[in-house]
Each structure stands twice: as structure tokens, then as C-alpha cells.
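User: Hi! Could you walk me through the model shown here, with the cut-offs behind each term?

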Amino acid sequence: MALWTFFGLTQGKATTPWPRRGEADGQEDVLGMPRYAPDQCRDGCADCAAVCPTEAIAPRADAAGGIVPSGITVDYGRCVVCQLCTEACPTGALSPSHDWAFGVRRREDLVWSETPAPEAAPAPGQRAFRRSLHIRHVDAGSCNGCESELQALNNPFYNLHRLGIFFTPSPRFADLLLVTGPVTHAMRAPLRATWEAMAEPRWVMAIGTCAVSGGIAAGGYACGTGLDGVLPVDLYLPGCPPNPAAIIAALLTFQGRAPQRVQGGRHGE
Amino acid sequence: MNGTEATIVSCAEMREIARDLFAGGGRMQMVYAWQPEPGAIELRYVASPPEAGRFLLWRCRPEGEAPSLAAIWPSLGWYEREIMDLFGLGFRDHPEPNRLVLAEDIPPPFDGHDPTRALRMTDIPRPLPELDAPEVQTLPFGPVRADVLESAEFTFFYIGEQILHYHPHLFFKHRGMEARFAGLTPTLGTIMAERVSGVGSVAHALAFCQAIEAAASCTVPKRALWLRVLLAELERVYNHLHYLGHLANTTSLKVGEAQGKLLEEQAKQINARLTGSRFLRGLLIPGGLRRDLAPGDWLSGALESLRAETARYVDLLERSDSHLDRLITTGMLRRNVALDQGATGPVQRASGIDRDLRRDHPYAAYAELPLIVPVRSEGDAYARAGVRAAEIDASIAVMQRVLLLLEDGPVRADCTTTPGAEGLGWAESPRGTLFYAVHVGAGGRLARVKIKSPSFSNWRVFPFTVHETNMMDYAINEASFGLTVAGCAR
């Protein structure tokens, strides 16, 4: 319609030049995963672990069962970004940050480690999808937060198409299965059937903390604990929910177009 | 229960009470079960009074089965079925005694149920009509659907373009969220409530916090009450903008879709700039807010700019014949059906029912704010879109008022719960009435949390607007309801 054509033309370009140029990813003030600085931990303190709703932070017990100095383990794969630990921490060892680009190839890269392993290379074949990637999404019981951000990917600001990445209705046309939610018992079979309908080579990405570890809903009478043990996962992206820029960054990491930002739970600059 | 006017009755009296409520112009909101002690079940019926005032509550302990009220209040039918699934309690003379939320092989998950209790329910999760007509085709669609959508399965019975019957199965995503609250502290309960329905994070956390505050009889500081209004209205605005964009998608108005979703993105970026979260999470807590917000001068300007752009956008939609042709008379919901089946929020207000919790049962600072509640009477997709578009304007006006009048002060008061306390909290979410009923157990931890979500109500209503319509209108009609599956399935 002439009305809308004229309107569209007068609006100019709404799409961000990021990630090709500049820093305008649209997430300037978005809080990400809490940053962990173990050297600031007080001996015997585990105040953060006491408030963590998903045991992303847990007291590290020694052989005798006592809490060891600077004694916590941090697993970003379980973090729901509630920020309670940053409020409970008396020393700033856990502090709010804007670190959200947490897409990783190995689950263990989400666990904080003194000695992070070097970055894992993309699996053979993944680079073949650098210029064109077709995605089938399955909601396996999410709260709709992840869907809201996935739907945002095709709004004019992020405009995912310009990166050669497309959502497709049929699993037959899909290269990548993108799963949200903790995998409820009732969604297990439809999820599995969708994956089986995909032609090989096929890949799987776990989007959001629920799909990575079960998140807030893990366990109980109706839910599983994410994708591990259900499907082979090629990329994990925790977040509650991960913002659209984090999802784009993870997709580019999967394609080998951008480096993985996180190793051993540490978010690089 | 704090926040209500409670009466203890026998379950046998409930049918008469329900009839009197109906005759008097009140409205049944929900029924839920909980276990005051192991092995015992108590039913709680919550209703809106005919006039403004406190919510009504009836408590009864069923012996064996409870009488079903679904014939008097059809909207209670799903609540009773959910209780059958989760507690193993039967309801006598239920018109559709089928499973609702659980798959057939899962026993009632709540502890202490008596396996010998008569359980009059079939194991058929999807009560579909039996057909002996070869010209009628059946189309099962889902649970994995096209595009990025929530999982749900819809079954259509149709001839050509004409839909004869439609049945949604909405509980593939049932996560058992209510049970996940048990044993948590109220603070962790708030984190959980924020994640029941992602696009309703504020409304859920707010209703939950208000239920705890009612149970603990604590007073929230004034500044926090005002800031809560700001958060709740920001949530309404980004949801309604998404709604308008998605609706334009279903009528194939591509630039209209893009503009709606761009405005939604701008609203989410405003959310993030103010709170650090695009979904406004991480602020609410029983007793007020976790930290103060400093809505700088920029916010008022950003909201005014969003309001002006939205007004221009809505004006363009109003001038698009192809869009309007698809909405007008589509998905008609008559007032009496809306009332009987329990429609809520913009859906009921588009069918001529003038109810809004913010005005009728004010919470936070709504009593002190001028609130416009748009109501339309046509009951079609056009009216539902019109109500939401007008609500964006009204929301931004309320927020500007908050920014103008916001006073300095503390934002958090102590709020400690004692064992045995219980409270009801509510909020008018972007999709309608939301209730949280909270029971506190040992150590001040949560014993039972019941969520009455607006999508649970509106999904129940929706099929009545689909039967005997046509396939081409289905997606438009569904979008015009603005439903979430997560809120419904929990």
C-alpha cells in the first residue's frame, strides 16, 4: 500500500551496523552474568551460595565436609541472572556486569575454572554454514522469555536476515535445532521427533539457562534438566533470557564467524 | 486469608453459594486446592464481589468427592480438572471429567493424596468429538508449529474453509511451577514468579509480592508503590506494542509488522536502560523494591517520543483497509460468553465488560492516579486491538504522572512471614487478572502457591470464537487474543 511504502521510506534505516561495525548492539545497560573475582572472597564465606536459586553457586566442601577458603564453585550454565548473589556478596567478589555473550561449545566452559582449557574449534562441517544457516526452533517448555527475544531477532533493529541466518518452518530444511526450555516430560518426544526429522549434518543449540541446565524449573514432577542427555548439544548459551545480541553472537560463534568469548567461566574483553 | 473476606462452609453448600453469587452479580475467579496437613485437602473458592470491596473466599474440606460447579460457572471447569490431575480429588457431575494438565501416565504429584479416593476421571487427555462423516477433515497442528512460537497442539475439524470444531491442547509446557515454589523463601519465590510467564515478569512478581505482603501485613514505602506502577505500565506498553506488530503480521501488513516490532524493541531498550533488564526483572521483592530506581529526565522524553510514534503507527493501521477488513467481525466474542467462560483483561473489555483490577481493587499507587480504562462493545478482533492500542496511550499518561509526582524516600521495608500466614495478591497484567494465593509454612517458607493466570482464563474462552468460523481467519483471531501458553500451562 502506498501509505506504508511512503511511511517505510521516510523512516530511514533502523538496523544497527553491529556486529559488522561499531558497538551499537542495543544492550548498553543490560545486566549480564555476575563477574566472579575469587581473590576477593572472604575465608569461609558462602553468602552468595545461600541466596542462589539454582545452585549456580555452591559451597565447595573439603574432604572433611567443611567449606574451604574462597570456597565456592560457579556454574554460569545454571545462572538465571537474578543478581541476588551480587547483592549478598559482602566484598564485591561477585559483582554486576554487562557480560552476556556466553555462547560456548563445551558445557565445561561455563564453569569457573582456575585453568581454563583453550578454545574448542568448531566441529568439522560447521564452517560450511558460514554464509547461510537455517534454523528450526522448538520450545520445550520455556517461560516465553526466550521466545520473546528470538522473535525480536527479526525486528528491524537486529534484522537477522542480513547475516544470512533464517528461521524455517520445517525441520527438513533446517541445519540447526534451537531449543528453549527445560524439556518438560510432554515435550520430550516431540522435540526428539523434530531432531530426527532433520537431515544430517544437523546441529543443536541450547538457548537460555533452562535448556542448558533446567534453570529455575529443573526437576519436579513435570520437567527435565535441559538438553543434556536428551540431544547432543553443539552450542550452549545460558541467560535468563539471553538477549537478542547474545543470541546473534552465539550463532556467529557456532558458524565460526566470531570467537567464543567465554573460557572456563571467564568472559574475555 | 488476608486480602479477602473468608467464610468456612461445607462443600455441599457451594452450589447454592455459587448460584447466589451469580444472581447477585458477583464473579467466580478460581478454585484451588491445598493441603493444610498431610492427607487433608481443602478447597478455596475466590470470587469478585458484585460491588467494589474485598474479594470473597469460601473454604471447604471435601469428604470423598466435591460437587462440581462447572454447570453454574463454566469458567471453573478447568480449575476443577486441574485439581483432579494434581491432587487426585474427584468432582461429582463434572461435564468434562478429562485430564487437563498432566499426561495420562503421571500420578497426582501433590503429596499425601489418598489413592483410594474415588477418582472419576477418564484418562483421555484430549476429549475430541467422534465423527462418522467422511467429508469432515481433521487437522492436528503442533505441538511444534511454524516460526518461533510456543508449543501447543491444535486440532481442527473442518470442511473446506469452514471450521466445525476446534480443540487446543495447551499443557505440553506444563512445568509444575506452583509446586516449585514449595519450600522456597519469599525472596526466591519472587525470582520464581518472574519466570512463570516471561513477558509477564512484573505482573507475576507483583501479585506474588502483594500476596506475601498481605500475609505478613507489612507496609510498602510510598516511593516503592509508585515505582511499581511505573514497572507494571512499562510491561504493558512493550507487550501491547508486540501485540500490534504480531497482529499486523497475521494480516500480511509487513511494514506494519516491522514498525510494531521496532517500537516494541525501543520499549524493551527503555526497560533495560531504566532497570538493567529488558523484562524489568530483578527489582520486585516483598516489602518494596530491591534497589531504588533513578528515572532520569531522559525517561519522560523517551516515553513521550514512544507515545507520539505509537499514535502515528496506530493512525496508519486505522487507515489500512486491508488490515481492518481482516479484523472487523473476526472472532466475535459475545458479552455473555465472555462472562460465562471467564474472559479477562483487554479481551473482556473489548466485549463490553468494564472491569480492571487497577481501578476496581486498587493496589500499588493506582488509587492515587487517574486511570483511563478503554472499553469497547463490538467483541471482534478489531475491538480487541482497539482496546490495546488505547491502553498504550493510557499507560504512558499514567507513567508521566508517576514521574511528575514521584517523591524521594525509602523503597524497602522489612517483610517477615510467619508460619501459618496466608495472603491473596493480584495485579491487572497486560493480559488480564492475575491472582497469587500464598500459604506460608514452617520457617516462614512457602507451603503452597496458587497462580490464576489471565491466559489460563482466556485460552478457555478462545475456542468459542473459533467454532464455525473459517480457516483464513484463525491466525488473525488467535493473535487478536494476545495469549501466552507459558502463563496458561505454568
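This is a predicted model: local features need pLDDT of at least 70, side-chain atom pairs count only at pLDDT 80 or more; totals for chains, interfaces and linings use all residues.

User: What area is buried between chain B and chain A?

Analyst: Buried area is the accessible area (1.4 Å probe) that two parts lose on being put together, summed over both. Contact means heavy atoms within 4.5 Å, and here it takes 62 residues from chain B and 61 residues from chain A. Carbon and sulfur atoms give 63% of the buried area, which is about 4900 Å².

User: How many salt bridges are there between chain B and chain A?

Analyst: A salt bridge is a side-chain nitrogen of Lys or Arg within 4 Å of a carboxyl oxygen of Asp or Glu. Lys268(B) and Glu149(A) meet this with their side chains at 2.7 Å, N to O. The count between the two chains is four.

User: Which helix of chain B gives the largest share of the side that touches chain A?

Analyst: Helices are DSSP runs (H or I, at least four residues) and strands likewise (E, at least two), numbered from the N terminus. Among the helices of chain B that each supply at least two residues to this side are helix 4 (186-193), helix 7 (254-275) and helix 8 (297-318). The largest share, 13 residues, comes from helix 7.

User: Are helix 6 and helix 15 of chain B roughly parallel or antiparallel?

Analyst: Axes are lines fitted to C-alpha atoms, for helices over the stretch in contact, and angles run from 0 to 180 degrees between N-to-C directions. The axes of helix 6 (residues 222-250) and helix 15 (residues 471-481) of chain B come within 9 Å and cross at roughly 175 degrees. Angles under 35 degrees count as roughly parallel, over 145 as roughly antiparallel, 65 to 115 as roughly perpendicular and the rest as oblique. The two helices of chain B are therefore roughly antiparallel.

User: Where is Leu56(B) found?

Analyst: Leaving aside neighbours within four places in sequence, Leu56(B) is in contact with residues including Leu21(B), Tyr45(B) and Pro49(B). As for its own element, Leu56(B) lies in strand 4 (residues 55-60) of chain B.

Terms used: Residues are numbered from 1 along each chain as its sequence is written. Chains are lettered from A and ligands numbered from 1 in the order in which they are written. Side-chain values use heavy atoms; hydrogens and water are left out.
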